[in-house]
Amino acid sequence: MQLISKFNKMIRSRLLWTIFAGILVLSFVGFLGPSGSCAPIEQEQGNNAGRIDGKNVSRQDFLMARFFELGLRNPHDLSDEVENELRKRTWQRIAALKTAEKLGLQAGDRDIAEMIRQDEAFQRNGVFDRDQYRMLIEHQLRTDVQTFEEYLRQDLTLQRLASMIESTAWVPPAEAAERIRNLTDKFTVSYINFPIDQFEDETELDDDDIREFYSNNSDRFIVPEKVRIRFIEFEATNLVTEADFTEDDIYDYYDANIEMFRREEDSAADETDAEDSPETAAEEIAEDIPTAVPGFKPVEDVRAEIIAALQKQRALLLARDRATDFVIELTPDRAGRAPDFDTLAARFGRPVVTSELFSATETVPELADAEDALAIAFALDIDNPLSAYSDPVSGTNSVFVLSILERREAFLPELDDIIEDVTEPALEHRRREAFKQYVTGIREQLITKMRRGTGFDEAAAELQLASEKLEPFSVYDTIESENILEEILSMAIMPLYSGQLSEAVFNGDDLLLAYIVERSPGEMQITEMIAPQVHAALARFRAGLVFDKWMEWNLAQSNWQDFMSNDAWTEAE
């Protein structure tokens, strides 16, 4: 998984948190110390979140750890149950990092640099691009590079610690063998398909049924969080001419984007010609080095394409510079005064576009050019003047500056307000349940007949049901199989053996019953091939359980003390 997918919203640099913490401590000492109006223990607890191994943990360090434990998110209105679990896991994280430090498992700067360089999100044409990296961190993730890298450092340190602890996990050979058999054994299956449109049902719902469905499926009816924004656009109008670029610019672009200019045809013939006439090849290399690169178009053939790309690139930079000027002027002064967004836009000659309310899954057509714009819009904070507008947001052909106007939190409408929207899916749910009960009843009849010695196909015929047979297949085969039925039945038949009948399995709206005609050992070659993978997957699963238990034990051994209540933490945030 790309690292970028894990990071949705971040806070400012840890260094700033540390400096701020120092200022707070000095302020409290200077103000309260001489007067003696606060007892030492109260002062200590007021400045700190708690204590581990006899050492204080500041509020700022705890909140940073909490933020990291949430995967660089900062959700609000967590339930008390979730908040209590989160606090426990945050303390476990802090204690684990201190243990890792004692064991010398901390990740170093080189480790972090290598992790970042290898992430494709930070690369252009397969090579790490520092500008791309900084742009994504500062503008898409809306944080500073130092905070981002501190998260990576802690995450990698915990991974090393987990690997050490997880090495103690043991997978019983019998369990691994059973999982492998379930994947590789060959199943010969007869099945019966039950179309739902042939199921006659007169299901009715009363008010209590609808209310119960609404209560049990409330997530389906939540109106998502929505925002309304205004924004201006700085178009990357192509005012850059060919004369603005030197030969070095052209060749630098060619070298940096060489993969864009790969020939489609094989270049073997050109290489052979070069070998036959080395003097000619030497002259050719002297005239134009890139033409000697096997498999790639020479610069002269793509010069116009490179110039067009450079013109667009330079135009976008100019547009971004203009947008940056706008953002700088929009910044409040020391007294908190800031120009009005619309007024400043008029000074810059930019029309202001105001959106309708939209959710994170909807689109704003005017912002289609900037794929990150919507995520950035939801990261804006309407209550904070410094975070109520965005940094420049680069698109393909334009640069935007966004400002939030309204945020509507997600909410669950009252049942009476959406009764029609609830009744239809509730009725469909009840019909599916009744359909499954009907097929389950038929399954019991089939089992009864088979216990009396009747074969599956004969029992189905006696109930006027048509059975069909699939060619032998394994669950492993379904990875590349185009037979949808095999894929659907796989999970249901894995634990079954010859002569057993599956539970009812949904195939879209229809239902299936699968009978195992025969289960036989799979191919030895496939079994031997996937055995290491299965064993590794089981080991990771068990190791995760081991590490979770170790985290609990490690915290208990650290003489952990928590100085603050849930309410206090909410205020601290």
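The structure is a predicted model, in which local features need pLDDT of at least 70 and side-chain atom pairs count only at pLDDT 80 or more, while totals for chains, interfaces and linings use all residues. Residues are numbered from 1 along each chain as its sequence is written, and side-chain values use heavy atoms, with hydrogens and water left out.

**The whole protein**

Helices (H or I, at least four residues) and strands (E, at least two) are DSSP runs, numbered from the N terminus. Of the 573 residues, 37% count as buried; buried means under 20% relative accessible area, exposed over 50%, and partly exposed in between (1.4 Å probe, protein chains only).

**The nonpolar cores**

Next, select Phe194, Leu446 and Leu501, which touch the most other members of the largest nonpolar core, a group of 20 residues. A nonpolar core is a set of buried Ala, Val, Leu, Ile, Met, Phe, Trp, Tyr and Cys residues joined through side-chain atoms within 4.5 Å. Two or more residues each come from strand S5 (186-194), helix H16 (419-451), helix H17 (456-462) and strand S13 (510-520). The largest share, 7 residues, is supplied by H16.

Now centre the view on Leu446. Apart from neighbours within four places in sequence, Leu446 is in contact (heavy atoms within 4.5 Å) with Ile192, Phe456, Ala459, Ala460, Leu463, Leu501 and Leu513. Then select Ile229, Val364, Phe400 and Ile404, which are among the 18 residues of a second, separate core.

**Two packed helices**

Display helix H4 (residues 80-102) together with helix H19 (524-556). Their axes, lines fitted to C-alpha atoms over the stretch in contact, with angles running from 0 to 180 degrees between N-to-C directions, lie 9 Å apart at an angle of about 80°. H4 is therefore roughly perpendicular to H19, a term that covers 65 to 115 degrees. To see the contact, select residues including Trp91 and Arg93 of H4 and Trp550 and Met551 of H19.

**Two loop residues**

Most residues other than glycine have a negative phi. Select Gln464, which has a positive phi of about 60° although it is not a glycine. Gln464 lies in the loop between H17 and strand S11 (467-469) and, at 76% relative accessibility, counts as exposed.

Finally, select Asn559, where phi is also positive, at about 55°. Asn559 is placed in the loop between H19 and strand S14 (561-562), and is exposed, with a relative accessible area of 56%.

Conventions
Angles under 35 degrees count as roughly parallel, over 145 as roughly antiparallel, 65 to 115 as roughly perpendicular and the rest as oblique.
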